[in-house]
Amino acid sequence: MPLYEFKCLDCHAQFEKICGIEWNNAPHSVICPKCGHNNLQKLISQFAGTGRAGGSGCSSCSGNRCGSCK
Ligand SMILES: [Zn+2]
């Protein structure tokens, strides 16, 4: 499951949320846990930024893709 990082544009809180397809279907279902607003900016997620960049990986894989790389 992709982990997204959000920033609230109202109170500037940052938080992470694991969301799957529901983000694409209903982005406004994600609300700020601090102020309850949904005026959010989605930041670069750890998963979205993987690709082939870096490539250091961990002891159990070579591409930052396994569960140990989180
Ligand atoms: Zn907020």
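**Strands, rings and cysteines**

Mentor: Phe15 lies in strand β2, which covers residues 14-18. Please bear in mind that this is a predicted model.

Trainee: Is Phe15 buried or exposed?

Mentor: The limit for a buried residue is a relative accessible area under 20%. Phe15 has a value of 12%, and therefore it counts as buried.

Trainee: Which residues is Phe15 in contact with, leaving aside its neighbours within four places in sequence?

Mentor: Contact requires heavy atoms within 4.5 Å. Leaving aside its neighbours within four places in sequence, Phe15 has these contacts: Tyr4, Glu5, Phe6, Val30, Ile31, Cys32, Pro33 and Leu40.

Trainee: In which sense do β1 and β2 pair?

Mentor: Strand β1 consists of residues 3-8. Lys17 in β2 is the bridge partner of Tyr4. Between β1 and β2 there are 5 bridges, and the sense of the pairing is antiparallel.

Trainee: Which residue takes a positive phi in the hairpin of β1 and β2?

Mentor: The hairpin has 5 residues between the strands. A positive phi near 65 degrees is found there at His12.

Trainee: How is the aromatic pair of Phe6 and Phe15 classed?

Mentor: A pair of aromatic rings is described by the distance of the centres and the angle of the planes. The count of aromatic pairs comes to 2. For Phe6 and Phe15, the centre to centre distance is 5.6 Å and the planes are 25 degrees apart. Planes under 30 degrees apart count as stacked, and the pair of Phe6 and Phe15 is accordingly stacked.

Trainee: Which residues do the ring pairs link into a cluster?

Mentor: Phe6, with a relative accessible area of 0%, is buried. The cluster linked by ring pairs consists of Tyr4, Phe6 and Phe15.

Trainee: Which residue lies over the face of Tyr4?

Mentor: The residue in question is placed at 4.3 Å from the ring centre of Tyr4. Its name is Lys42.

Trainee: How many disulfides does the structure hold?

Mentor: A disulfide is a covalent bond between the sulfur atoms of two cysteines. Cys32 is buried at 2% relative accessibility, whereas Cys35 is partly exposed at 30%. The number of disulfides in the structure is 0.

Notes
Residues numbered from 1 in each chain as written. Predicted model: local features only at pLDDT ≥ 70, side-chain atom pairs only at ≥ 80, totals over all residues. Heavy atoms only, no water. Helix = DSSP H or I, 4+ residues; strand = E, 2+ residues; numbered from the N terminus. Buried < 20%, exposed > 50% of the residue type's maximum accessible area, 1.4 Å probe, protein only. Pairing = 2+ DSSP bridges. Phe/Tyr/Trp six-rings, centres within 6.5 Å; stacked < 30°, edge-to-face > 60°. Lys NZ or Arg CZ within 6 Å of the ring centre and 35° of its normal. Disulfide = S-S within 2.5 Å.
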